[in-house]
Amino acid sequence: KQLSRALGEAGLAIYPKDEELLTINSLMAMLDKNWDQVFEWMKTLMDLRGDKNSSNSYVIFVNALINRLDYDAAWGTVNEALKKFPENQQLQTLHLKISECVFHLENSKRQQ
């Protein structure tokens with residue numbers, strides 16, 4: 001497990017813009033729940049791909065944003081993704097999840 005991560009990071013050190021290495025490293029970071037690292041690598045990957053991002057990339061990126069408690073960015077990103085992939089069930093579920101989180105946060109602020 002540690003060797004895989006070390007090799008992945010070494011690969012990125014040599015090829016920092018390699019889409020496959022960014023994807024693999026992001027997935028390994030997800031296993032560790034290292035959301036800051038998932039965010040960094042997925043942000044780089046999504047910037048490289050531009051309009052060619054898949055719905056799965058959006059799902060991973062939005063999950064990283066949610067787990068970093070960056071609900072504003074997650075909200076904007078999931079709405080952007082739903083414009084491209086309106087039928088994607090995972091994105092629809094994330095949209096609801098973010099809506100609920102924001103609703104609860106706003107209600108708790110009002111009660112204080």
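Modeller: The model is a predicted one. By that numbering, Thr-77 is found in helix 5, which spans residues 71–84. The relative accessible area of Thr-77 is 11%. Buried means under 20%, so Thr-77 is buried. A polar atom of the Thr-77 side chain lies 2.8 Å from the backbone oxygen of Ala-73. If neighbours within four places in sequence are left aside, the residues in contact with Thr-77 are Tyr-58, Phe-61, Val-62 and Leu-65.

Gln-89 belongs to helix 6, residues 89–111. With a relative accessibility of 55%, Gln-89 counts as exposed. From C-alpha to C-alpha, Gln-89 is 24 Å from Leu-105, and 16 residues separate the two in sequence.

The packing of two helices may be described as well. Helix 2 (residues 19–31) packs with helix 3 (residues 35–49) at an angle of about 155°, and their axes are 8 Å apart. Because of this angle, helix 2 is roughly antiparallel to helix 3. The crossing of helix 2 past helix 3 is left-handed. Among the residues that meet there are Leu-22, Ala-29 and Met-30 in helix 2, and Trp-35, Trp-41 and Leu-45 in helix 3. By class, this contact of helix 2 with helix 3 comprises nine nonpolar, five polar and two charged residues.

Methods. Residues numbered from 1 in each chain as written. Predicted model: local features only at pLDDT ≥ 70, side-chain atom pairs only at ≥ 80, totals over all residues. Heavy atoms only, no water. Axes fitted to C-alpha atoms, helices over the stretch in contact; angles between N-to-C directions. Helix = DSSP H or I, 4+ residues; strand = E, 2+ residues; numbered from the N terminus. Parallel < 35°, antiparallel > 145°, perpendicular 65-115°, else oblique. Left-handed = near helix turned anticlockwise from the far one by under 90°. Contact = heavy atoms within 4.5 Å. Nonpolar A, V, L, I, M, F, W, Y, C, P; charged D, E, K, R; others polar. Buried < 20%, exposed > 50% of the residue type's maximum accessible area, 1.4 Å probe, protein only. Polar contact = N/O pair within 3.5 Å; in protein donor to acceptor, adjacent residues only side chain to side chain.
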